[in-house]
Amino acid sequence: RANASVARLLAARQAWGALVLHARGLSSILANYIYLNPQAAILSVRYLSIIGWILKAQFRGEDEASQREVLKLMLKEKEYQWIIDEQHSTKYGVAMLSRIRQICNLAMSSSTAQTAPYCHNRLYFVEDCLKEIEASAGICERLFGSPIPPTYTRHLSRVMSLWLLLLPISLVTSIGATSTTVITTALSAYVFVGLDEVGMEIENVFQLLPLQQLAAAVQKDVRDQFYGLVCGSQPDIEFATS
């Protein structure tokens, strides 16, 4: 069970790491839309920056009021009402990613003939990043929705207790009732019970992971990447003219 719990913890941490990475990459791509459609770019980044908080609330089992508070803080009234209406048919995270995809498609459709090829290329990269974010969220939903079965946990505890109960009897039969029997039994109980406790503690991976810090990292990276490209100083490069 300890090995299974560690594997689940590692998978969840890798999924959140990929989420942070691809959210940051998508933010830099969306920054290029600022010159084509500023409203679409800013609205997409607003959705992207809060997806970590929404997933955190979902996997921590927080009440819906906390999620709505974040949405109301970051979104305008019309967008807030849209995502609240969508929540009845899908989850907030899925709805937000679908909204980003919809916004980018609308921005591309409003492009001119000169910028259309450029927009198509950017849209491909946006779609690629959205798929990676959806895959990371899907891994977390799978881990959240399929915990280690309680029957499996109880059976392992019973087997371990039975083995520890029979161990001193076996040692007494082979080496006699000596201090070695007592020490060996005590050390074995300490090791195996400790491993069982570790497995139980890390079984619920989302209570153990620092989701508060990871959600904040998503928001900070998205904000810094976007506004750094849009508002930061441009490189001083001179292009040769023919």
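Q: Why is tyrosine 190 called exposed?
A: Tyrosine 190 has a relative accessibility of 65%. The cut-offs are under 20% for buried, over 50% for exposed and partly exposed in between, with a 1.4 Å probe and protein chains only. At 65%, tyrosine 190 is therefore exposed. This is a predicted model, in which local features need pLDDT of at least 70 and side-chain atom pairs count only at pLDDT 80 or more, while totals for chains, interfaces and linings use all residues. Residues are numbered from 1 along each chain as its sequence is written, and side-chain values use heavy atoms, leaving out hydrogens and water.

Q: What makes Trp163, Tyr190, Val191, Phe192 and Leu195 a nonpolar patch?
A: A patch takes residues with over 30% relative accessible area and no salt bridge, joining nonpolar side chains (Val, Leu, Ile, Met, Phe, Trp, Tyr) within 5 Å and like charges within 9 Å. Trp163, Tyr190, Val191, Phe192 and Leu195 form such a patch on the surface, and together they have about 550 Å² of accessible area (Shrake-Rupley method, 1.4 Å probe, with only the protein chains shown counting as cover for residues). Helix α9 (residues 179-201) gives the largest share, four residues, and tyrosine 190 lies in this helix α9.

Q: How do you know what counts as a helix, and how many helices and strands does the protein chain have?
A: Helices are DSSP runs of H or I with at least four residues, strands are runs of E with at least two, and both are numbered from the N terminus. By that rule the protein chain has 11 helices and zero strands.

Q: Why is glutamate 79 called buried?
A: Its relative accessible area is 11%, so glutamate 79 falls on the buried side of the cut-off. Glutamate 79 sits in helix α5 (residues 77-86). Leaving aside neighbours within four places in sequence, glutamate 79 is in contact (heavy atoms within 4.5 Å) with Leu43, Tyr47 and Arg99.

Q: What makes the pairing of glutamate 79 with tyrosine 47 a polar contact?
A: A polar contact is a pair of N or O atoms within 3.5 Å; within protein, one must be able to donate a hydrogen and the other to accept it, and residues adjacent in sequence count only if both atoms are side-chain atoms. The side chains of glutamate 79 and tyrosine 47 are joined at 2.4 Å, so they meet the distance limit. The side chain of glutamate 79 also makes a polar contact with that of arginine 99, at 3.0 Å.

Q: Why is the pair of arginine 99 and glutamate 79 called a salt bridge?
A: A salt bridge needs a side-chain nitrogen of Lys or Arg within 4 Å of a carboxyl oxygen of Asp or Glu. The closest N and O atoms of arginine 99 and glutamate 79 are 3.0 Å apart, so the pair qualifies. Arginine 99 lies in helix α6 (residues 92-109) and glutamate 79 in helix α5, so the bridge ties together parts that are 20 residues apart in sequence. Arginine 99 counts as buried because its relative accessibility is 12%.

Q: Why is serine 44 called buried?
A: Serine 44 has a relative accessible area of 1%, so it is buried. Serine 44 belongs to helix α2 (residues 38-49). A polar atom of its side chain lies 2.9 Å from the backbone oxygen of alanine 40.
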